Amino acid sequence: MTNKNLIEFYSETCRPCKIMLPMAEKAAKEAGIPVSKYEIVKESEKAEEYRVKSVPTLILMSEGAEVRRLVGAVSKNELENFLKS
């Protein structure tokens, strides 16, 4: 059991999001990390709360606190290393 959570912020019109998010969700599932997703237009309050300026943005949380943040498209290897933080 993990105390981590991955928060994904995306836009429906964002091409990098369409590539990154399925890859992130698969890697998180393999690592046993639950995922929460927020579309920045429909859920702008959450985007403001987490100070999201660009998409895709992935925020790795642990015990309710931000551990790391990735902004923009990254490689599968970078994503896997990010989730191991």
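The model is predicted, so local features need pLDDT of at least 70 and side-chain atom pairs count only at pLDDT 80 or more, while totals for chains, interfaces and linings use all residues. Residues are numbered from 1 along each chain as its sequence is written, and side-chain values use heavy atoms, with hydrogens and water left out.

Trainee: What is the handedness of the disulfide of Cys 14 and Cys 17?

Mentor: A disulfide is a pair of cysteine sulfur atoms within 2.5 Å. The sulfur atoms of Cys 14 and Cys 17 lie 2.4 Å apart. The torsion about their S-S bond is about 85°, so the disulfide is right-handed.

Trainee: Is Cys 17 buried or exposed?

Mentor: Buried means under 20% relative accessible area, exposed over 50%, and partly exposed in between (1.4 Å probe, protein chains only). Cys 17 has a relative accessible area of 2%, so Cys 17 is buried.

Trainee: How many bridges join strand E3 to strand E4?

Mentor: Strands (E, at least two residues) and helices (H or I, at least four) are DSSP runs, numbered from the N terminus. Two strands pair if DSSP finds at least two bridges between them. Strands E3 (residues 57-62) and E4 (residues 65-71) run antiparallel, and the number of bridges joining them is six.

Trainee: Which residue meets Lys 42 in a salt bridge?

Mentor: A salt bridge is a side-chain nitrogen of Lys or Arg within 4 Å of a carboxyl oxygen of Asp or Glu. For Lys 42 the N to O value is 2.8 Å, and the partner is Glu 12.
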